[in-house]
Structure formats: C-alpha cells, structure tokens
There are 2 protein chains.
Amino acid sequence: MRTLNVQLEERSYPIYIESGVLDDAERLNRHIKGKQVVIISNTTVAPLYMERLLGHLDESLKVSRVLLPDGEEHKTLATLEQIFDTALRDNHNRSTSFIALGGGVVGDMAGFAAASYQRGVNFIQIPTTLLAQVDSSVGGKTGVNHPLGKNMIGAFYQPQAVFIDPDVLDSLPAREYAAGLAEVIKYGLICDPAFYQWMHQHRDDFVARKKVVLEEAIERSCAAKARVVAEDEREGGIRAILNLGHTFGHAIEAAQGYGRWLHGEAVAAGMVLAARLSARRGCISDSEVDELVDWLEAMDLPTTPPEDMSVATWTQHMLRDKKVVDGRLRLVLLDAVGNAAIVDDLPRAELEAFLETFCPE
Amino acid sequence: MRTLNVQLEERSYPIYIESGVLDDAERLNRHIKGKQVVIISNTTVAPLYMERLLGHLDESLKVSRVLLPDGEEHKTLATLEQIFDTALRDNHNRSTSFIALGGGVVGDMAGFAAASYQRGVNFIQIPTTLLAQVDSSVGGKTGVNHPLGKNMIGAFYQPQAVFIDPDVLDSLPAREYAAGLAEVIKYGLICDPAFYQWMHQHRDDFVARKKVVLEEAIERSCAAKARVVAEDEREGGIRAILNLGHTFGHAIEAAQGYGRWLHGEAVAAGMVLAARLSARRGCISDSEVDELVDWLEAMDLPTTPPEDMSVATWTQHMLRDKKVVDGRLRLVLLDAVGNAAIVDDLPRAELEAFLETFCPE
C-alpha cells in the first residue's frame, strides 16, 4: 500500500493510494469512529460506486445517504442544508463520520458540512476524479460558492483519512481526465523537476491511464502539495505557488462564463502563459516552453487563451482575483522548470506589454 | 485595565474588562487588521451603541453594517447569509475584520460568519449582555440553530479580542440581567469556592449592578471558563462541567417551548436540581442547597421546575440531550460547593426516584 502521511501536527492524516483500495473494507472501517456514517455523493457517482461502498461498511453501523445534484452550480449553502437535514433527521450525533464519495464539488461540500455539523465531525474522503485526488485530498480547503464569488464561504478542515483508488479513473470522461493531468503537471513545474521529467518520459502511459504510473503520479502530486501546505497551512505565503496558471486561468473562466472551460483546462492555458511570461523575463528558455506546450497538446489540453479576450478584459479579471492584496497583483511565475517564484512587484506596464503579444487590438 | 489572556497557544487572545472600554478607540483600532470592517449587530442593540462605536473607528477604514433581526428564532443559516451578502457586496477581502456588537445570538452568528467568510477572517467581540460577557466571550463556540436542534451547525472559532464594558449592562432588562447572574453563580459552584463565597457576600451589590463588583465577577467568571476550556478546547471531557444545570435546564426549555423561559432561568432551576440530587447522594449538605435557593430567589430567578413536567417528560428530554453518549446520560453534579463532578454511571432508577420527589403523579 502506498501511504502518504500528511504532517499537520494533531491534524495529520494518511492518504492511501492503490488500485483496489476502495474494496479495503478493514482499513475503511478502522477510520470510522463511532457507530454512525453519512455518505455524501452525487447523482452521477453514486450509481457507479455507492452500492460497492455500502457493501464494505460494518453491519453494525447506522448509515445515511445524501445524493447531491451534480455540478458546480449546486455548490451552494442551500445544497449544503440537504446534508444537515439528513444528518439531523437521522439523529446523527457528534461521533458520526461523514464520507465524501465524488469529485471536488462533493468533497468541498461534504468537508464543509463535516467541519460545521455540531461544530465538527470525523471526515473521510474518497475522491473519484483525478483533479480531486491530487488537489482536494491535501490542504483542507472546504466550502461552497456564493452568487458573488467562488469558494467564498468555507473552512480549513482536515480529513481523518483519504482513500484514492486509481481504478475509479477508468470511468472518468476524457476531458475531465485531461483536466486533472494539467494539475499533476503543475506540481512538477512548481517544485519537483525530477517528477516533471519522469512524467514527460511517461507521456504515453498517462494517455493509456496505466495504473502503476497513475499511482506514482498521484502520490508524488499529493506529496508535493503536502510539503507546500505543511509550510503554510492557512495560506499566508508560500502556498500561493500552488496557484501557478490560476490567475490567468481564473480570468479565462470568468471571461468565458464558468463551466465553458473546465478548471483544469483554464489552468493548462494559464500555465503556458505563466511559462511564456517567465521566458520573456529570461528565467526559463523558449524551448522549455515549447516542450510544455507540445506535451499539453498531446493530452488534448488547450495551450492558448480564448482569442477574443482584450488586454482590458484580462487586467480587469486578473485584478479582481482573490490573491490580489491591497491592489497589488501577485503572480506565480517560474524561476526554472521545477521551481516557482511568487512575483508581487510586476509592473503593470510589463504585464500589459506581455498581454499585447497575443491579444486582439 | 483588567485584562484576561485566554491561553490557547497561537489562538490566545485578550479579554478587556472595564467600565468605558467601549470608548477606548486606540485599543479597538489596534485589534482591527487590514482596512475593512463589518459590524454585525441587531435591531435592538444598534440604536443604543452603533453610532458610538462607529465614532471610534479609524477614519481610513471601510465600514459595512449588518443589522440582524433580534431573537433566537432568527439564529439560522438564512440569517447568516445576510452577513455574507453584505460582506461580498461591499467587496470585503480576507483581511477584513468582523465585529460582533450584541448578545449571545449576535455573537454566535457573527463568529460563525467570521469563521466561514473566505475560510476565516479576523473576529472581535463586544458582548452587550451579561450572559454573553461571561459565556460567549470564552470558548470559541459559534453557530446557528437548525429546525431540528439548537446550535447544530457551527464552528469552534476564537476571537482576536473581546471588549467587555459593564456600563452597557445598565440598559439590560432586569430579567436578562438576572439570567446572566445565574451563569456567573454557576462558575463559582463548579470550580471556585472562594468566588462563590465572595459573590454571596456581595449579593446586594449585584442587585444594584455596582460596576466594580461586576467587573470583578465578569473577570473571575471568564477566568474560570478559560481555565476549563484551556484544558479541553474541543469538548472531549472536563469541559462538560460548564454544563452544570444545563441537562435539567434544556429539558425545561424544550418541554415548555423555547423562549418561555430564558436560558439562564432554566439553568438556575437546573442548578438547584443538580444541587438537590448531589445532596441526596451525600456530596453536599441540605443547608448548602438552601443557601443557593435563597440567593437565587433574591435575584428573582426561578428555583423550582415547572409543575406540570412528569417523570416521563423529564427523562425523554434529558436522554435526547447533545451530551448523551451512546445512550448513557452524562450529568454534572457537585462533589462540594465549588467543585463539580461528571457522573456518567447514574442508574436510571436513581434519577427517576429523584424526579419522583417533585414531579406530579
């Protein structure tokens, strides 16, 4: 069993990564405290894995199920109430365990519900998308959206354990799989050059969704994120490097309307822009940028931003980003392939000159 | 300035207790981080103190106000959304400060909003009732009610500072003042015999709301709670002693319908019952019970439960309490005046025999 221990003092927890871990009943039951369980899933994932999960739970447990509607547009306080309603209707007490079975939206909502139900109950994650496996598994960010902003209401709350079974990725649509890969590549780019080279060598294995390669990549991604988060649990400084490509990416998502581009797709194009700006500043070479672009294209990921975004549109959205502090844009760039740097003194003129190289008049 | 430092490692914070501290502008502004403030109050308290508070805030701050409807029935997720709506509409970022100006309901909701807004922002409390001053100021319990249970959704979240001005108690209705005193007396009963005797000697000063006596009592109450909470921040064990009188009290509140008895009134009657049961078990003397009853009566607090509650009604409500673990009733009794004990092996027959001594057939 590949086990990664996320070190956060008394909030430390294990991530189990292995084909078939979803069927490791003994291990799963060991992490359930008390005699009650609430499984939170959605209408897409539950038909695939709910019965299987239920079959592994200890017979003595009282189990409640909550099926949320699928989709980012349902990540709201109103949907969250469904979880509280079910848990209270079924008399779950403070020793209950909430289990998230699904992708990032399910995990974020189940996690926030677990953080808030009776001021905090046991939480177990079973992420079923590649993005959730390498992103939501580490960092403890939970929450819901507000009509005026994404992830505006939530908590930092760590799970008791995470179960990652790469087998569940077989059922993942190609576009979502590729979007998850963009985040995996990001970890190599920001802090692990050896991992980046290793992934690049295994390009074809990723296309083939080869399990042993996926296990390795998921573990190294989670380990990379865990190292960064351990240094900065509540996002004061260094954690910002995890946002490589995200400021550009968020601008794309917002300008195009949420949902048209997948988050990972916008991040892929955003990473290319961050790499190009880094090259312009002489920190990485043009051939390194070309290698990244070629690779992402082979994964069917977008590598250029939408053609209709003007410089004004870019700057408007980038300056509205949650990472803007006192009006100063903080951007994550690359010092080298495998080493991100936070730049918070980028002259606005330099950013605009860069945007002009690819924006319409 | 009386300053009590609540010791919770990196979550430690000061409680300032003094007549006039509400006008200590310099101290208040020192605890505001960033350039933005959201003041959360209600329609009863705001007319009394909002303008005064606003007058003390640094002119460079951007200030938003949220006025919640007054009353426990509005302590809901729906009301909480009003806070998020205002904060987001006015573009408050992660460096904003939320200030609670009001009683327990305002503090609980503002605290949970602060815990959840962008996953946690700076929080300052200005409690304006005696109960909130000696109870909500310490312990970090925040949250809202659910139709199926009180305080079922929330977070443990510590403030950055608490400002307690006994002068604001002058505007408190007599019944609410007395209900707050019941909690003050509770602290003496559970863990501070010298404080209990001192309060008893100053009975008349409490009736007269004498400031210097109130300052001392508030400080010793907060200190008592802080000692207990420091040992058990997330309520695993010893913290339960703070619930002296609460299991009986909650049963009274629930059986009578919430709102008919004030919480502190139900706790007063509940403490008497806990004391009587402790005397029955030989742990304290009958004369000690009589002294407590006489004192509470002098404060116009109820010392007997409602006459219409049957043994069955009592046990039904007591066994539904949040503190019931695996069906076993955990009750806080007294080993001595000034020393509470958690009893989790009370035979049901003994409880029922006790209830029969004062319940109707």
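Modeller: With the contact between the chains, keeping in mind that the model is predicted. Chain A contributes 26 residues to the contact and chain B contributes 27 residues.

Biologist: How much area do chain A and chain B bury between them?

Modeller: The general idea comes first: the accessible area lost when the parts come together is often given as the size of an interface. Here chain A and chain B bury about 2,700 Å² between them, with 53% of it on carbon and sulfur atoms. On the chain A side, 29% of the area buried against chain B comes from L88(A), R94(A) and R119(A), more than from any other three residues.

Biologist: How many salt bridges and how many residue pairs in polar contact does the rule find across the interface of chain A and chain B?

Modeller: For salt bridges the count across the interface of chain A and chain B is zero. For polar contacts the rule finds eight residue pairs across that interface, with both residues at pLDDT 80 or more. Several elements of chain A take part: α3 (77–89), α4 (104–116), β7 (141–146) and β8 (149–156) each supply at least two residues of the side that touches chain B. By residue class, that side of chain A divides into 11 nonpolar, six polar and nine charged residues.

Biologist: Now chain A by itself. What does its secondary structure come to?

Modeller: Chain A has 14 helices and 11 strands. Its C-alpha atoms fill a box of roughly 65 × 40 × 35 Å along the principal axes.

Biologist: Which radius of gyration does chain A have, and how is that value to be read?

Modeller: The value is set against that of a compact globule. With 361 residues, such a globule would have a radius of gyration near 21 Å, and the 20 Å of chain A agrees with this. Of the 361 residues of chain A, 60% count as buried. Among contacts in chain A with a separation of 6 or more, 74% are between residues 24 or more positions apart.

Biologist: Let us take a single residue. Where is N122(A) found, and is N122(A) buried or exposed?

Modeller: N122(A) is in strand β6 of chain A, residues 122–127. Burial is read from relative accessibility, and N122(A) counts as buried because its value is 14%, under the 20% cut-off.

Biologist: Which side chain does the side chain of N122(A) make a polar contact with?

Modeller: The partner is the side chain of S97(A), at 2.8 Å. Leaving aside neighbours within four places in sequence, the residues in contact with N122(A) include H31(A), I32(A), K33(A), T96(A), F98(A), A114(A) and Q160(A).

Biologist: What does the salt bridge between E72(B) and K150(B) tie together?

Modeller: The side chains of E72(B) and K150(B) meet at 3.9 Å, N to O. E72(B) lies in the loop between β4 (62–68) and α3 (77–89) of chain B and K150(B) in strand β8 (residues 149–156), so the pair ties together parts 78 residues apart in sequence. E72(B) counts as partly exposed at 33% relative accessibility, and K150(B) also counts as partly exposed, at 25%.

Biologist: Where do K225(B) and D135(B) lie?

Modeller: These two form a salt bridge with their closest N and O atoms 2.7 Å apart. K225(B) is in helix α9 (residues 211–231) of chain B and D135(B) in helix α5 (residues 130–136), so parts 90 residues apart in sequence are tied together. K225(B) is buried, with a relative accessible area of 7%, whereas D135(B) is partly exposed, at 22%. Salt bridges can also share partners, and in this way R2(A), E215(A), E216(A), E219(A) and R220(A) are joined into one network.

Biologist: Last, which residues does L277(B) touch?

Modeller: L277(B) lies in helix α11 (residues 263–280) of chain B and is buried, with a relative accessible area of 0%. Not counting residues up to four places away in sequence, L277(B) touches F248(B), L331(B), L333(B), L346(B), E350(B) and F354(B). L277(B) and L334(B) are 57 residues apart in sequence, and their C-alpha atoms are 8.8 Å apart in space.

Technical notes:
Residues are numbered from 1 along each chain as its sequence is written. Chains are lettered from A and ligands numbered from 1 in the order in which they are written. This is a predicted model: local features need pLDDT of at least 70, side-chain atom pairs count only at pLDDT 80 or more; totals for chains, interfaces and linings use all residues. Side-chain values use heavy atoms; hydrogens and water are left out. Contact means heavy atoms within 4.5 Å. Buried area is the accessible area (1.4 Å probe) that two parts lose on being put together, summed over both. A salt bridge is a side-chain nitrogen of Lys or Arg within 4 Å of a carboxyl oxygen of Asp or Glu. A polar contact is a pair of N or O atoms within 3.5 Å; within protein, one must be able to donate a hydrogen and the other to accept it, and residues adjacent in sequence count only if both atoms are side-chain atoms. Helices (H or I, at least four residues) and strands (E, at least two) are DSSP runs, numbered from the N terminus. Ala, Val, Leu, Ile, Met, Phe, Trp, Tyr, Cys and Pro count as nonpolar, Asp, Glu, Lys and Arg as charged, and the others, Gly among them, as polar. The radius of gyration is taken over C-alpha atoms; the globule rule is 2.2 Å times the number of residues to the power 0.38. Buried means under 20% relative accessible area, exposed over 50%, partly exposed in between (1.4 Å probe, protein chains only).
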